[in-house]
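Good morning, colleagues. Please have the sequence and the structure open before you while I take you through a few selected regions.

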Amino acid sequence: MVASGNYIVTNARVVPITTESFDGSVLVTNGRIAALGPDVEAPAGHEVIDAAGGWILPGLVDAHVHLGVHEQGEGWAGADFNESTDPVTAAVRAVDAINPVDIGFDDALSHGITTVNVNPGSANVIGGLTVAIKTHGAVVDDMVLRSPSGLKAALGENPKRVYGDQRKAPNTRLGTAFAARKAFAEAQHWAAKSAEDRPADLVSEALSKVLNREIPWRQHCHRADDIMTALRIAEEFGYELVLDHGTEAHLVADRIAARGIPVLYGPMMVSRSKVEVRARSPRAPGILARAGVKVSIITDHPVVPIDFLINQAALAVKEGMESEEALKAVTINPAEVLGVADRIGSIEPGKDADLALWEGDPLDTRHRALRTWIEGKEVYSYDSTTGTGSVLPRW
């Protein structure tokens with residue numbers, strides 16, 4: 001593995017995402033992209049890495065996961081994603097529950113995924129603050145890109161089921177919408193007071209970040225009617241809305257596009273396990289993109305294991321999405337939604353050297369990620385002679 005952050009990747013098919021692909025090189029200096037092009041030369045002291053015709057892309061981005069807060073194979077001991085004791089827990093923070101040694105992080109690295117957005121779950125009307133992190137590190141604080149990166153909320157079946165089963169509000173869709181409106185109204189009342197007159201109120205403080213458009217409102221919703229409720233409440237309170245899941249978003253694509261609201265579509269490779277996902281379709285991302293919606297593709301890990309992110313993008317292409325749009329949906333689009341596109345999501349000078357070298361076109365699922373770098377440091381490599389991959393130790 002390359003230890004330093006100074007090298008040049010040569011003889012590659014370079015896919016910058018925001019500009020045209022070409023055959024050439026990518027130069028990395030001090031963990032940042034320094035240059036790229038057909039004829040880039042490395043300064044003295046830079047290691048030369050021959051890509052042997054492989055494809056180099058920016059590290060992939062999954063903007064909706066529960067990685068580290070819903071650990072695989074740990075049962076209740078690793079289930080820290082739903083604080084379902086109260087329908088409004090806006091002040092809880094995903095960053096406080098992430099275990100960076102969850103095996104899913106290694107799966108992410110071995111499939112070229114370098115950034116994820118970790119969310120609380122969808123049991124609550126308002127679930128808590130999300131965080132965008134890199135996928136390698138021993139201490140989560142060192143992995144953070146943006147915290148908080150949004151405030152997670154949920155409409156539809158989940159909150160009405162969770163609190164209905166507890167025989168408390170909300171147990172209907174109208175009750176869920178009311179709980180969200182009530183929380184926003186209380187936050188507005190709290191914010192209107194002078195600083196010295198405000199009581200300590202972490203929930204209102206978190207909601208005020210949304211009302212002030214400091215962070216987006218990350219709205220879990222599947223059905224078209226729930227999506228329209230999300231649009232309605234966003235217009236009432238004037239915040240930045242992101243639609244998470246959006247199973248039936250393609251049915252109201254024109255309305256979503258007209259408002260400039262991004263959709264994080266997925267998970268796609270799942271059964272129709274409940275009523276509100278019956279219209280799940282791998283055709284939806286392509287329909288949304290053609291309507292002018294900024295689409296990201298998500299796994300909702302561990303609902304779909306994170307290593308199948310690129311498989312979902314390939315499935316969307318199979319069902320009509322343009323290849324270029326599918327790659328944007330797992331790179332620059334989620335980076336922009338997370339507010340971190342100045343650092344990740346494309347190969348551009350000055351950005352973090354978060355890169356993945358693939359055998360060939362990653363949308364051909366026969367091709368694997370051979371090497372993954374985060375901020376110039378190689379964190380994963382595949383040995384074709386032994387057929388095994390290795391992740392850089394976290395400690």
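I begin with charged side chains: a network of salt bridges links Arg 32, Lys 134, Arg 343, Asp 352, Asp 354 and Glu 375. Please keep in mind throughout that this is a predicted model. The count of salt bridges comes to 23.

Let me turn to individual pairs. Asp 23 and Arg 13 meet through their side chains in a salt bridge, at 3.3 Å from N to O. Asp 23 belongs to strand 2, residues 22-29, and Arg 13 to strand 1, residues 7-14, so this pair ties together parts that are 10 residues apart in sequence. Asp 23 counts as exposed because its relative accessibility is 55%. Arg 13, at 28% relative accessibility, counts as partly exposed.

Next, a pair in another setting. Arg 218 forms a salt bridge with Asp 244, and their closest N and O atoms are 2.7 Å apart. Since Arg 218 lies in strand 10 and Asp 244 in strand 11, the pair ties together parts that are 26 residues apart in sequence. Are these two residues, Arg 218 and Asp 244, buried or exposed? Both Arg 218 and Asp 244 are buried.

A further salt bridge joins the side chains of Glu 276 and Lys 274, at 3.4 Å from N to O. Glu 276 is buried, its relative accessible area being 0%, whereas Lys 274 has 23% relative accessibility and counts as partly exposed.

I now return to strand 10, which carries Arg 218. Strand 10 covers residues 217-221 and is mostly covered, with 5 of its 5 residues buried. In a regular strand, side chains alternate between the two faces of the sheet. Which residues of strand 10 point one way, and which the other? Trp 217, Gln 219 and Cys 221 point one way, while Arg 218 and His 220 point the other way, and all are buried.

What are the pairing partners of this strand? On one hand, strand 9, residues 144-154, pairs with strand 10 in the parallel sense over 4 bridges. Within that pairing, Ala 153 has Gln 219 of strand 10 as its bridge partner. On the other hand, strand 10 is joined to strand 11, residues 241-245, by 5 bridges, and these two strands also run parallel. Here Trp 217 stands opposite Leu 241 of strand 11. Together with helix 5, residues 224-237, strands 10 and 11 make a right-handed β-α-β unit.

Helix 2 brings us to strand 10 from another direction. In helix 2, residues 157-165, the buried residues are Glu 157, Asn 158, Pro 159, Val 162 and Tyr 163. Against which elements do they pack? The buried residues of helix 2 pack against strand 9, helix 3 (173-192) and strand 10. Arg 167 follows helix 2 and has a positive phi, near 60°.

Thr 130 is placed in strand 8, residues 126-134. Why does Thr 130 count as buried? Its relative accessibility is 1%, and the cut-off for buried is under 20%. The side chain of Thr 130 makes a polar contact of 3.4 Å with the side chain of Asn 117, and another of 2.7 Å with the side chain of Ser 149. Beyond its neighbours within four places in sequence, Thr 130 is in contact with a set of residues including Val 118, Pro 148, Lys 152 and Arg 218.

Ala 316 counts as buried because its relative accessibility is 0%. Leaving out residues up to four places away in sequence, Ala 316 touches Met 268, Pro 282, Pro 285, Ile 297 and Met 321. Its C-alpha atom is separated by 7.8 Å from that of Ala 284, a residue 32 places away along the chain.

Finally, a word on annotation. An unreviewed UniProt entry lists residues 55-367 under "domain: Amidohydrolase-related". In the model, the end C-alpha atoms of residues 55-367 lie 10 Å apart, and the span is 30% helix and 18% strand.

Thank you for your attention.

Terms used. Residues are numbered from 1 along each chain as its sequence is written. This is a predicted model: local features need pLDDT of at least 70, side-chain atom pairs count only at pLDDT 80 or more; totals for chains, interfaces and linings use all residues. Side-chain values use heavy atoms; hydrogens and water are left out. Buried means under 20% relative accessible area, exposed over 50%, partly exposed in between (1.4 Å probe, protein chains only). Two strands pair if DSSP finds at least two bridges between them. A crossover is right-handed if, with the strands pointing away from the viewer, the path from the first strand over the helix to the second runs clockwise. Contact means heavy atoms within 4.5 Å. UniProt positions are given in the numbering used here, feature names are shortened, and annotations may be inferred rather than shown by experiment. A polar contact is a pair of N or O atoms within 3.5 Å; within protein, one must be able to donate a hydrogen and the other to accept it, and residues adjacent in sequence count only if both atoms are side-chain atoms. A salt bridge is a side-chain nitrogen of Lys or Arg within 4 Å of a carboxyl oxygen of Asp or Glu.
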